[in-house]
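Here is a briefing for a reader new to this structure. Look over the sequence and the model, then read on.

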Amino acid sequence: MKKIAIPIVLFISLIGGFAYADENQSKTTISTENTEITVESTSQSELSKSKSSEQDTVSTTTTTESTTESTTTSTVETQNAHKLVEEKAPIIEKQAHIRNVGWMSITNDDNAYIGTVGRNLPLEAFKLKVQSDYTGDVKYSAHVRNVGWQNFVQSGQVAGTTGRALSIEALKIQLTGQLAERYDIYYRVHVQNFGWLDWAKNGEEAGSQGFAYHAEAVDVKLVEKGQTAPGNTVNPFKLNLSLTYNAHVSNIGWMSSLKNGSIAGTTGRNLPLEALELHLSTNSLGNVLARAHVRSIGWQNWTESGKQIGTTGRALPIEALQFKLTNSLEKKFDIYYRAHIQNVGWLGWAKNGEIAGSTGMGYHLEAIEIKMISKGSPTPSQGTRTFVSQSSIKSQAIVSQLGTLNWVGNNQIIGTVGKNLPLLGFKTVVESNGFNGGINYSVSENGKDWHSITSDGALSNNSSIQIVKFNLTGEISKYFDVYYRAYVQNIGWLGWAKNGSNAGTSNYNYHIEAIQVAIQRKNLGFGGYTGQGNYLDKNSRRLVFLDPGHGGYDPGATSYTGLREKDVTLSISKIVRDKLLQYGNKYEVIMSRTDDIYVDFKTERSEMSNRANADIFVSVHVNSGGGGSAKGVEVYWYEYDSAYQPVVNQKYHNDPIRLRNSERLANSIQNNIIKSTGAVNRGVRRATYAVVREAKAPAVLIETGYIDNSSEVYKLASKQYQEKIANGIVNGIIEYFNK
Ligand SMILES: [Zn+2]
């Protein structure tokens with residue numbers, strides 16, 4: 001097809017006369033956006049200022065002014081030579097296929113529409129053909145109910161269907177070749193219930209979609225370029241676009257379908273949303289794509305509307321969601337959505353592919369609200385965050401002789417280990433994803449004076465450090481814990497501290513060489529953290545070694561009710577530990593076991609205490625062998641017996657100061673247990689039990705009651721009574737140290 005290269009002034013007779021039309025100067029600006037879109041909505045929020053009810057529809061009309069300005073010039077203004085051509089006006093042959101009627105007769109009457117009006121008969125097919133002296137013809141496409149847009153056909157081919165009782169709902173018509181250069185083709189559709197819509201042109205959509213209304217008639221006109229449209233061009237096409245969605249919720253299953261703007265899922269019930277399905281009334285403009293971040297799976301693939309995202313029947317919560325629009329839908333709409341997540345609640349509005357929800361936090365998504373909003377319409381006010389995820393920290397050390405080291409991440413070593421180089425300062429900063437807040441830290445050089453708290457990347461200090469402590473701030477502190485420990489000169493790594501407790505030493509004059517800092521989601525715990533051994537003060541240190549008797553394959557004494565000594569001793573010892581630790585830094589506690597494991601009692605338990613340089617050794621047991629009648633409490637301290645020589649404690653077993661303190665400790669504990677339990681006082685006694693013989697520290701062995709006594713066995717099994725015994729032990733220890 002040859003294109004004419006030279007601009008030509010056309011003399012075209014349309015209404016009986018001749019007119020000049022300088023093609024280069026015609027100003028025809030008709031937008032292609034002449035589409036009226038109706039979005040169904042139940043929202044009453046900021047999206048829709050109108051009072052919406054279930055039935056209300058918010059009509060959003062994308063309109064552009066349709067300015068057709070015809071310029072008639074009497075002089076030719078182009079530099080190019082103009083050739084005068086006289087042409088016959090092209091003629092369109094039109095034919096409609098109507099349900100119950102069949103093919104109607106062909107017409108080429110420019111003023112006649114094809115189809116029927118007022119008879120409610122669906123247009124099922126049509127044919128168009130242009131007769132002209134120009135190259136090119138007409139091509140056209142029908143949108144058929146239950147079929148969608150068909151491919152373009154041309155020059156008298158059939159658009160639509162026949163014999164299938166399928167209605168045409170919309171259509172598009174275009175010119176080709178020279179015809180397209182000379183003419184605009186205008187067309188409008190008569191739609192069931194709507195009547196004649198406005199004029200579309202040159203391939204724009206005309207008719208309706210999503211209402212299930214059939215087209216009844218089509219009007220087609222050729223208009224030379226530059227001439228006015230045959231009528232209004234504002235709303236040639238009506239689209240009923242409704243977005244609905246269903247949520248699948250743990251313990252509930254699939255919930256009922258909701259309209260655009262509704263909240264899917266649940267809030268306040270802690271129920272994970274597991275799957276979601278979106279439905280779009282028509283995908284002719286484009287689609288809604290969605291994908292879910294599912295626990296243990298991660299991000300799933302993008303999925304078109306009509307298909308499920310997430311999982312069902314696998315108890316896997318959705319944690320985050322993304323939605324986006326495609327094709328023309330993306331140009332005409334924004335999709336907004338916000339997630340309600342476990343522990344946090346509603347997040348802010350995300351839009352067009354942004355992530356809503358959380359990842360890496362183990363928080364399930366409970367509800368999602370979705371709004372498809374026409375571009376230019378009021379949008380939801382966007383919150384500060386649409387997404388939260390695992391936060392981390394990074395730190396940088398300043399080390400004596402080495403200067404400033406590189407930044408290191410969560411839980412990595414800040415400083416040096418084993419080089420005896422003091423840590424002089426550091427910076428720590430939280431790298432948060434969505435949470436506000438940060439981290440504070442302070443250091444002490446002597447355990448008394450603290451350098452003012454610095455935070456979020458500020459340098460902590462510039463001289464050697466003996467104690468350090470960290471605190472999280474803002475929301476970070478609500479969702480995370482901070483753990484840290486110090487590597488101390490002459491000692492090595494101390495235990496882990498948490499959320500503001502001290503890490504390091506006082507009054508030893510040992511500098512810190514390195515620290516490790518980690519933040520961890522609340523309630524997840526932290527490997528290595530025992531709540532003890534993180535801070536040593538030479539002056540006030542009171543290290544209590546607790547030894548829960550028996551354990552593992554050695555149950556100790558067992559009652560006819562099934563109560564085992566090893567369980568009672570561990571339970572009481574843990575209560576004692578927890579109570580002592582409530583006194584801040586006054587007591588440190590080490591235990592021979594914190595689980596149901598076997599630890600040798602002949603030397604190992606004592607050696608653990610000796611290695612830790614404990615201040616006192618307290619072994620907890622339950623008695624038996626009283627013939628069922630004996631009951632009450634006894635506390636033992638060491639008595640030398642030549643038949644049982646010390647194995648690891650030759651030096652101190654009979655040390656008079658140790659013996660004096662052991663007796664004092666035994667009396668203090670015995671008296672306080674009797675006071676808090678009211679149990680029978682069987683008195684303080686002496687024996688050469690291995691644990692009290694081999695411990696360097698003042699040592700006692702407590703028999704807390706008789707497991708074979710029918711009344712005492714029930715008490716010993718009860719948490720309340722164990723607590724009373726523990727209170728007695730704790731008070732005994734405190735009294736011992738205070739004298
Ligand atoms: Zn025992």
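Where is the place of Asn 343? Asn 343 sits in the loop between β33 (333-341) and β34 (345-346). This is a predicted model: local features need pLDDT of at least 70, side-chain atom pairs count only at pLDDT 80 or more, and totals for chains, interfaces and linings use all residues. Residues are numbered from 1 along each chain as its sequence is written.

**Overall make-up**

- The protein has 9 helices and 56 strands. Helices (H or I, at least four residues) and strands (E, at least two) are DSSP runs, numbered from the N terminus.
- Of the 739 residues in the protein, 44% are buried. A residue is buried if 20 or more other C-beta atoms lie within 10 Å of its own, exposed if 12 or fewer, and partly exposed in between, with C-beta atoms placed from the backbone.
- Among contacts with a separation of 6 or more, 72% join residues 24 or more positions apart. Two residues are in contact if their C-beta atoms, placed from the backbone, lie within 7 Å.

**Nonpolar cores**

- The largest nonpolar core has 125 residues. A nonpolar core is a set of buried Ala, Val, Leu, Ile, Met, Phe, Trp, Tyr and Cys residues joined through C-beta atoms within 7 Å.
- Val 218, Leu 276 and Leu 321 have the most contacts inside this largest core.
- Strand β45 (residues 480-488) gives the most to this core, with 7 residues.
- Leaving aside neighbours within four places in sequence, Leu 321 is in contact with Ala 290, Ala 292, Tyr 337, Ala 339, Ala 356, Gly 357, Leu 365 and Ile 368.
- A second, separate core has 48 residues, including Val 589, Val 622, Val 700 and Val 730.

**Helix α9 and its partners**

- Two packed helices are described by the angle between their axes and the distance between the axes. Axes are lines fitted to C-alpha atoms, for helices over the stretch in contact, and angles run from 0 to 180 degrees between N-to-C directions.
- Helix α4 (residues 565-581) and helix α9 (residues 719-738) have axes that come within 9 Å and cross at roughly 50 degrees.
- α4 and α9 are therefore oblique to each other. Angles under 35 degrees count as roughly parallel, over 145 as roughly antiparallel, 65 to 115 as roughly perpendicular and the rest as oblique.
- The crossing of α4 past α9 is right-handed. A crossing is left-handed if the near helix is turned anticlockwise from the far one by less than a right angle, and right-handed if clockwise.
- On the α4 side, the contact includes Val 568, Ile 572 and Ile 575. On the α9 side, Ile 725, Ile 729 and Val 730 are among the residues that take part.
- By class, the contact of α4 with α9 has 10 nonpolar, 2 polar and 2 charged residues. Ala, Val, Leu, Ile, Met, Phe, Trp, Tyr, Cys and Pro count as nonpolar, Asp, Glu, Lys and Arg as charged, and the others, Gly among them, as polar.
- Helix α6 (residues 656-677) also meets α9: their axes come within 7 Å and cross at roughly 145 degrees. This crossing is right-handed.
- Leu 665, Ile 669 and Ile 673 are among the α6 residues in this contact, and Ile 725, Gly 728 and Ile 729 are among those of α9.
- The contact of α6 with α9 has 7 nonpolar, 8 polar and 4 charged residues.

**Buried residues**

- Pro 380 lies in the loop between β37 (365-374) and β38 (387-399). Pro 380 is buried, because 20 other C-beta atoms are within 10 Å.
- Pro 380 and Tyr 336 are 44 residues apart in sequence, yet 7.8 Å apart in space, C-alpha to C-alpha.
- Ser 391 belongs to strand β38. Ser 391 counts as buried, with 23 C-beta neighbours inside 10 Å.
- Thr 505 is in strand β48 (residues 503-506). Its 24 C-beta neighbours inside 10 Å make Thr 505 buried.
- Thr 505 is in contact with Gln 466, Val 488, Tyr 510 and Leu 536, leaving aside neighbours within four places in sequence.

**Positive phi**

- Most residues other than glycine have a negative phi.
- Asn 343 has a positive phi of about 75 degrees although it is not a glycine. Asn 343 is partly exposed, with 16 other C-beta atoms within 10 Å.
- Asn 251 has a positive phi near 75 degrees. Asn 251 lies in the loop between β23 (243-249) and β24 (253-254), and counts as exposed with 10 C-beta neighbours inside 10 Å.
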